[in-house]
Amino acid sequence: HSGEGIGLSVVPKGFVIFDNNPEKFWYTGASNVSAVHEDEYGNLWLGNSGGGIEVFDWQHATILRFMYSPSNPYGPGKGTVFAIYRDREKRMWIGTYEGGLQYYDKATGRFYSYGHVPGDSTSIAGNDIRSVTEDEKGNLWIAAGVSRPRHANETAQVPAGVYVVTPQGNMLGRIPIPEDSVTNLAFGGPE
């Protein structure tokens, strides 16, 4: 939704806007969109499986593309972008498969990364971030970690769970999440 009409995902990859103007088509360079979130201006952020983010800037009719590059410490993290979240301070948070957690600083145009540091209990739990949200106190709730390694890049050193981090970056704790043999996560109470 851009304020100009209704956006629909169609094949080939992209968005068509239907309104009173002639039909417009916005292309995404990604073959697989894995996360979607809207920023404070109504721009649509798309995370993809190729380690990149595209921002559909409706007001300026442009698409910004941020791609992972090992030579750029201020770009998005490595791996599939699984989570995009806008917090109460209007910061965009990005969770990636191998690159950990980043936030985008719109003043500098840089991504700042938070990754797991083995042996450092104050670092985030793991570099496989699947979801990010925030509670009423501004604490981030970050779904990370694995119960069983499924390939060479995964380790069981970081148990699966939801990690709660204060706005100052202090770890408040972990809520363990059971995982079955096909890696489905289970949420809920005793009933």
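Which residues of the largest nonpolar core touch the most other members? Select Trp 93, Leu 101, Ile 129, Val 132, Leu 140, Ile 142 and Ala 144. They belong to a core of 13 residues. Keep in mind throughout that this is a predicted model.

**Stop 1: the largest core**

β8, β10, β12 (129-134), β13 (140-144) and β14 (161-165) each give at least two residues to it. β13 makes the largest contribution, with three residues.

Now centre on Ile 142. Setting aside residues up to four places away in sequence, Ile 142 touches Leu 101, Ile 129, Ser 131, Gly 161, Val 162, Tyr 163 and Val 165. Show these side chains together.

**Stop 2**

**Stop 3: an open sheet**

Switch to cartoon view and pick out β8, β9, β10 and β11. They form an open sheet of four strands, in the order β8-β9-β10-β11, and the pairing is antiparallel. Which strands are at the edges? β8 and β11 (110-114) are, since each pairs on one side only.

Zoom in on β10 and β11. These strands run antiparallel and are joined by five bridges. For a landmark, select Tyr 103 and find Tyr 112 of β11 opposite.

**Stop 4: Asp 39**

Go to the loop between β4 and β5, where Asp 39 is found. Is Asp 39 buried or exposed? Asp 39 is buried, because its relative accessible area is 10%, below the 20% cut-off.

Show what surrounds this residue. Beyond its neighbours within four places in sequence, Asp 39 is in contact with Trp 45, Arg 86 and Met 92. The side chains of Asp 39 and Trp 45 make a polar contact at 3.0 Å.

Asp 39 and Asp 57 are 18 residues apart along the chain, and their C-alpha atoms are separated by 9.7 Å.

**Stop 5: Asp 87**

Move to the loop between β8 and β9 and select Asp 87. Asp 87 counts as buried, at 4% relative accessibility. Where does its side chain make polar contacts? One is with the side chain of Trp 93, at 2.8 Å. A polar atom of the Asp 87 side chain also lies 2.8 Å from the backbone nitrogen of Glu 89.

Leaving out residues up to four places away in sequence, Asp 87 touches Trp 93 and Glu 134. Trp 93 takes you back to the largest core, where it is one of the residues touching the most other members.

**Stop 6: salt bridges**

How many salt bridges does a search of the whole structure find? The search finds seven. Three of them are worth a selection each.

Begin with Lys 90 and Glu 40. Their side chains meet in a salt bridge, 4.0 Å from N to O. Lys 90 sits in the loop between β8 (81-86) and β9 (92-96), and Glu 40 in the loop between β4 (33-38) and β5 (44-48). The pair links distant parts of the chain, 50 residues apart. Lys 90 is partly exposed, at 43% relative accessibility. Glu 40 is partly exposed too, at 28%.

Then select Arg 65 and Glu 54. The closest N and O atoms of this salt bridge are 2.6 Å apart. Arg 65 belongs to strand β7 (residues 62-67) and Glu 54 to strand β6 (residues 52-57), eleven residues apart. Arg 65 is partly exposed, with a relative accessible area of 44%, whereas Glu 54 is buried, at 2%.

Continue to Glu 98 and Lys 78, whose side chains form a salt bridge of 3.8 Å, N to O. Glu 98 lies in the loop between β9 and β10 (101-105) and Lys 78 in the loop between β7 and β8, so this pair ties together parts 20 residues apart in sequence. Glu 98 is partly exposed, at 29% relative accessible area. Lys 78 is partly exposed as well, at 39%.

Salt bridges with shared partners join Glu 40, Lys 90 and Lys 106 into one network.

Key
Residues are numbered from 1 along each chain as its sequence is written. This is a predicted model: local features need pLDDT of at least 70, side-chain atom pairs count only at pLDDT 80 or more; totals for chains, interfaces and linings use all residues. Side-chain values use heavy atoms; hydrogens and water are left out. Buried means under 20% relative accessible area, exposed over 50%, partly exposed in between (1.4 Å probe, protein chains only). A nonpolar core is a set of buried Ala, Val, Leu, Ile, Met, Phe, Trp, Tyr and Cys residues joined through side-chain atoms within 4.5 Å. Contact means heavy atoms within 4.5 Å. Two strands pair if DSSP finds at least two bridges between them. A polar contact is a pair of N or O atoms within 3.5 Å; within protein, one must be able to donate a hydrogen and the other to accept it, and residues adjacent in sequence count only if both atoms are side-chain atoms.
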